[in-house]
Amino acid sequence: MTSAPHGEVVAVGVGARAPYGLTALQVTMSVRAQKTDPRGSHMVDKNGEPMATCRLASIADNIMGLVRFVALGGPALTQAAYPWLQACRSRGREAAPLPVVIALPSKHRPGVDPSLDRRLLPGLEARANVPLDHPRSKLVFGGRGAGASAFEHALDLLQHHEAVLVGGIDSYFDPDVLEWLDDELRLHSTTTENGFIPGEGAAFLLLCRRSRSLGLAPLGQILDVASAHEPHPYGSEEPCLGAGMTQAIRRALETIGRDTRRIGWILSDVVNERHRVEELGFALARNHEAFLQEVVHDQPLLKTGDLGASSAAMLAVMAMVRFETASAPSPWALVGVHSDGPERGALVVGAP
């Protein structure tokens with residue numbers, strides 16, 4: 001990936017949809033208000049107890065797979081693209097189809113709909129009513145860490161396109177994936193403290209170059225992004241010491257300089273799972289010179305439920321909304337994401 005000039009790439013539109021909000025602003029402020037309310041479902045765990053998940057009440061429980069992904073992603077895509085499409089119309093021009101890069105769960109995860117590959121983009125385009133450039137769009141499968149790779153692809157596309165949509169969609173509300181998590185003792189409950197609460201969501205950002213923003217006010221900057229592979233991910237025989245996450249953070253910080261202590265805010269995808277908490281802790285300790293002594297570490301997925309492949313985009317959207325509403329604890333933020341597999345990623349975002 002070729003990095004964009006410092007401060008050149010900006011977000012001029014954001015959209016999100018999660019269990020406690022149907023817009024980027026609602027989702028962000030619900031998390032800030034510490035709102036969370038997992039709901040029992042018709043699916044039961046191995047002990048015969050209802051499985052609790054964080055899921056949208058506006059999507060019926062009998063909707064799963066591709067249809068659920070479209071229901072999650074379509075409105076968020078509309079929100080993110082709307083300012084750009086309106087700016088084009090106000091100039092009397094028709095908006096060109098937009099390339100979109102979407103992070104999705106690993107194809108190896110149980111319950112992943114195999115039709116996402118060929119049917120997700122047409123479904124999203126119809127649901128969102130946003131013209132998409134299919135040949136230049138890309139689906140990145142790989143879970144939470146795929147979100148960073150999606151941003152890398154989006155920055156590459158911006159070298160040849162006026163604007164690019166980037167985001168992620170995921171849902172754990174599927175009997176196969178919930179059964180798998182239950183068997184692996186990864187569902188948080190009164191008897192499994194080290195598990196997490198499954199969630200679902202979608203988030204998108206409309207990225208463009210600052211010099212070609214069509215007069216739209218930037219919400220924030222994408223300063224740099226980096227991805228790396230962890231040699232000993234979850235389930236490995238060897239202990240994970242955070243080598244992949246350390247590398248991803250180190251690369252992402254190169255644009256602003258690791259020895260300037262500018263980062264005062266961290267948004268991570270860690271939840272209650274100790275292995276993820278420890279891995280991030282190793283990586284942050286090795287890059288400590290980049291962070292302010294009073295750095296704030298936010299863990300929004302503790303409130304929304306784990307958002308899987310939508311995590312990186314969702315955390316970036318939250319940062320943009322906090323910048324726009326003057327409620328961010330720092331003008332510089334690091335977003336860190338870890339997949340169950342080897343994918344690791346980090347983004348550095350900043351106020352406009």
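Ala326 is found in the loop between helix 9 and strand 11, where helices (H or I, at least four residues) and strands (E, at least two) are DSSP runs numbered from the N terminus. The structure is a predicted model, in which local features need pLDDT of at least 70, side-chain atom pairs count only at pLDDT 80 or more, and totals for chains, interfaces and linings use all residues. Residues are numbered from 1 along each chain as its sequence is written, and side-chain values use heavy atoms, with hydrogens and water left out.

Ala326 has a positive phi of about 55 degrees although it is not a glycine. Most residues other than glycine have a negative phi. With a relative accessible area of 73%, Ala326 is exposed; buried means under 20% relative accessible area, exposed over 50%, and partly exposed in between (1.4 Å probe, protein chains only). A positive phi of about 55 degrees is also found at Leu214, which is not a glycine. Leu214 lies in the loop between strand 7 (200-209) and strand 8, and at 14% relative accessibility this residue counts as buried.

Two packed helices are described by the angle between their axes and the distance between the axes. Axes are lines fitted to C-alpha atoms, for helices over the stretch in contact, and angles run from 0 to 180 degrees between N-to-C directions. Helix 1 (residues 24-32) packs with helix 9 (residues 311-324) at an angle of about 90 degrees, and their axes are 9 Å apart. Helix 1 and helix 9 are therefore roughly perpendicular to each other; angles under 35 degrees count as roughly parallel, over 145 as roughly antiparallel, 65 to 115 as roughly perpendicular and the rest as oblique. On the side of helix 1, the contact is made by Ala24, Leu25, Val27, Thr28, Met29, Val31 and Arg32, and on the side of helix 9 by Met314, Val317, Met318, Val321 and Arg322. Contact means heavy atoms within 4.5 Å. By class, this contact of helix 1 with helix 9 has 9 nonpolar, 1 polar and 2 charged residues; Ala, Val, Leu, Ile, Met, Phe, Trp, Tyr, Cys and Pro count as nonpolar, Asp, Glu, Lys and Arg as charged, and the others, Gly among them, as polar.

Helix 4 (residues 146-157) packs with helix 9 at an angle of about 70 degrees, with axes 7 Å apart. This makes helix 4 roughly perpendicular to helix 9. Gly147, Ala148 and Phe151 of helix 4 meet Ala312, Ala313 and Ala316 of helix 9. The contact of helix 4 with helix 9 has 5 nonpolar residues, 1 polar residue and no charged residues.

A search of the whole structure finds 2 aromatic pairs. Rings of Phe, Tyr and Trp (its six-membered ring) pair if their centres lie within 6.5 Å; planes under 30 degrees apart count as stacked, over 60 as edge-to-face and the rest as tilted. Trp265 and Phe323 form an edge-to-face pair, at 6.0 Å centre to centre and 85 degrees between the planes. This pair links distant parts of the chain, with Trp265 in strand 9 (residues 263-268) and Phe323 in helix 9, 58 residues apart. Trp265 is buried at a relative accessible area of 0%, and Phe323 is buried at 11%.

Charges placed over rings were also identified. The charged end of Arg109 sits over the ring of Tyr172, 4.6 Å from its centre, and that of Arg186 sits over the ring of Tyr234, 4.6 Å from its centre. A charge sits over a ring if NZ of Lys or CZ of Arg is within 6 Å of the ring centre and within 35 degrees of the ring normal.

In helix 6 (residues 243-252), the buried residues are Gly244, Met245, Thr246, Ala248, Ile249 and Ala252. These residues pack against strand 8 (220-229), helix 7 (274-286), strand 11 (332-338) and strand 12 (343-350). Thr246 has a relative accessible area of 5%. Not counting residues up to four places away in sequence, Thr246 touches Phe282, Ala283, Arg286 and Asn287. Thr246 and Arg286 are 40 residues apart in sequence and 6.8 Å apart in space, C-alpha to C-alpha.
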